[in-house]
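Student: Could we look at this model together? I would like to understand what the words used for it stand for.

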Amino acid sequence: MSSLDLINVVKRFGELTVIDGVDLDITEGEFVVFVGPSGCGKSTLLRMIAGLEEISSGELRIAGNRMNETPPAKRNIAMVFQSYALYPHMNVERNLGFALETARLPAAEIRERVTKAARFLQIDHLLDRRPAQLSGGQQQRVAIGRALVRQQKLFLFDEPLSNLDADLRMEMRVEIARIHREMKATTVYVTHDQMEAMTLADRIVVLKEGRIAQAGTPMELYERPANRFVASFIGSPRMNFLPGTLTQDGEESVLTLFGTPHRLPAHDYAGEVTVGIRPEDLILGGGEVTLTADVLLVEPLGGEALVHLNVEDGRSIVVKVQGKPDIRPGATTSVGWNHTRANLFDKDERALSRKGA
Amino acid sequence: MVHSTTGRRLQRIAIYGLFAVIALYTLFPFYWMIASSLKSGQAIFDVTFLPDLKFNNYKVILSDGVFLRSLLNSFIVATSVVALSLGLAVTAAYALGRIDFAGRSPIMFLFLAVSMFPQIALLSGLFEMIRWLGLYNSLGSLVFAYMIFTLPFNIWVLTTFMRSLPRQIEEAAIMDGCSPLRILRCIFLPMMGPALISTGLLAFIASWNEFLFALTFILTDENRTVPVAIGLISGSSRYEFPYGAIMAASTIVTVPLILLALLLQKYIVSGLTAGAVKG
């Protein structure tokens with residue numbers, strides 16, 4: 001196991017700055033997920049840790065030692081690639097053992113480690129096959145196995161599940177969680193899927209345009225997003241956003257939504273705000289703040305349903321309700337929320353906190 | 001319905017007709033060569049399409065020490081050219097296809113430009129170089145000269161092929177601790193098999209058949225390669241031209257090429273098209 005520190009790490013491609021000063025400490029055994037939209041720099045950051053991209057400035061430390069100039073193979077890192085990158089002309093056994101072969105380990109030890117990893121990943125019956133004869137899920141297991149046999153202290157995953165279909169993705173997600181639980185290796189995992197991030201991570205790092213938008217546990221990010229970007233990125237369906245203004249009135253703040261004032265606990269801010277409420281925090285026909293709305297569409301998902309509503313000003317919002325709601329499109333209803341469940345963002349899209357909170 | 005089936009039938013007849021014409025056009029010279037080589041003496045001047053199945057010409061040519069020697073020479077030259085040009089082309093292709101450095105495209109175009117000169121234009125300059133290197137009248141001169149037209153082609157094809165190989169496989173090998181040479185040897189070379197076979201075979205054929213350089217750079221019989229040796233086969237008197245022996249020699253020379261091509265057929269096609277489709 002190994003800790004990993006990024007200190008003001010920057011990556012430039014010519015004039016273009018892709019990673020713009022990232023500071024991050026990853027502790028031993030932690031499972032950290034980099035998440036963000038495409039082009040946010042998450043893969044580049046991972047490749048910089050791996051040593052496949054040079055670090056323009058700043059420092060990378062693994063287990064406390066500077067690694068900027070260390071070649072990839074000497075960083076004690078194992079990496080799983082998005083395309084699996086299996087060697088097509090070798091069978092599974094040689095694919096798994098190739099790194100050990102390169103390191104000139106004795107044949108007996110290679111066989112032992114390969115067999116152990118193959119059994120662990122339930123691919124021991126496939127050792128003679130070529131990658132082309134395997135299904136996507138099996139290829140993925142081999143790719144993970146190739147990383148496992150090296151018994152490294154740091155695991156990097158670059159969008160490992162994005163080439164799999166939904167069922168397999170779920171299965172492999174569970175598998176990766178199991179591997180991490182049993183190996184306890186420090187893991188950095190890149191994905192654009194916030195669901196993978198939520199379910200796998202000890203800590204999520206949300207990246208936006210080469211900077212860390214927020215880093216924290218999944219629940220911290222879900223409950224207290226630091227800015228509107230993180231709020232909209234984490235959670236599915238997305239958080240609803242409504243425009244309003246916040247004014248001070250003595251010990252209280254007043255939030256004006258579509259011309260109607262609502263009294264709130266005091267905030268240290270006055271001006272234009274965005275109110276963010278998660279679909280699961282909206283209440284049909286109740287709540288401390290209420291709006292009238294027209295029902296646009298009801299999407300039953302079995303155990304729960306999504307109700308699309310049109311509030312004033314032609315803005316639509318989504319409400320997640322348990323069971324099957326007794327409501328029809330075209331009806332008028334009221335929708336609301338409680339103060340504690342609303343997130344307020346200032347005009348710079350930063351989250352506002354309540355006075356004293 | 002009736003019309004469309006007749007139309008289709010006509011179309012099919014036309015296709016097979018065209019096929020027959022092309023087959024006749026390309027195969028008849030071969031057939032004529034083999035048929036002539038199997039006739040003996042004066043029979044060769046009669047226009048008969050069926051061969052006599054007389055092997056006199058083959059006996060004559062195979063007992064000719066100079067011809068056999070030239071066969072061996074051709075084999076040595078062609079295999080050396082294949083080995084050297086593939087070795088150099090693979091390493092060059094790795095650099096040109098995988099490593100970013102300034103002047104990469106100018107170098108590629110230089111290779112292409114080099115291969116555009118007609119052979120005859122290179123002849124006198126090349127002759128000077130070979131004299132200067134002390135290679136005149138040795139098989140080395142031909143190996144050296146043939147690299148001029150095999151290398152650019154091989155580098156070009158292999159570079160394209162190398163670029164089509166997925167980058168992540170190379171990166172996986174880097175993470176697995178491979179040096180560039182080990183990546184080339186253990187990962188890229190096996191994956192490039194079809195491309196190597198097709199470029200190697202084309203280099204072999206080109207060197208095997210080359211005439212002009214072989215005529216110019218070789219002085220003595222014992223160093224001749226097969227195309228020139230055939231060209232210099234002469235009869236017992238200046239009034240006799242040994243067509244039969246020449247045809248027999250030509251047949252013997254062609255057979256290895258045909259065998260090679262048939263043996264490696266499936267690789268040739270996949271090798272030459274592999275770069276075209278993204279894998």
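**Reading a predicted model**

Tutor: Let's start with a pair of helices: the crossing of α3(B) and α6(B) is right-handed. This is a predicted model, in which local features need pLDDT of at least 70 and side-chain atom pairs count only at pLDDT 80 or more, while totals for chains, interfaces and linings use all residues. Residues are numbered from 1 along each chain as its sequence is written, and chains are lettered from A and ligands numbered from 1 in the order in which they are written.

Student: Why is the crossing of α3(B) and α6(B) called right-handed?

Tutor: A crossing is right-handed if the near helix is turned clockwise from the far one by less than a right angle, and left-handed if anticlockwise. The crossing of α3(B) and α6(B) falls in the right-handed class.

Student: What describes the packing of helix α3 (residues 65–98) of chain B and helix α6 (residues 139–164) of chain B?

Tutor: Two packed helices are described by the angle between their axes and the distance between the axes. Here the angle is about 35° and the axes are 7 Å apart. Axes are lines fitted to C-alpha atoms, for helices over the stretch in contact, and angles run from 0 to 180 degrees between N-to-C directions.

Student: Which confidence does chain A have?

Tutor: pLDDT is the predictor's confidence in each residue, from 0 to 100. Chain A averages 90, and 99% of its residues score at least 70.

Student: What makes a residue buried, and how many are buried in chain A?

Tutor: A buried residue has 20 or more other C-beta atoms within 10 Å of its own; 12 or fewer makes it exposed, and anything in between partly exposed, with C-beta atoms placed from the backbone. By that rule, 39% of the 357 residues in chain A are buried.

Student: What is counted as a contact between chain A and chain B?

Tutor: Two residues are in contact if their C-beta atoms, placed from the backbone, lie within 7 Å. The contact takes 16 residues from chain A and 14 residues from chain B. On the chain B side, α7(B) gives the most, with six residues.

Student: Where are the domains of chain A, and how far apart are their centres?

Tutor: Domain bounds come from an automatic or database domain assignment. For chain A it gives domain 1 (4–232) and domain 2 (238–345). Their C-alpha centres lie 39 Å apart, and five residues of domain 1 of chain A are in contact with six residues of domain 2 of chain A.

Definitions and conventions:
Helices (H or I, at least four residues) and strands (E, at least two) are DSSP runs, numbered from the N terminus.
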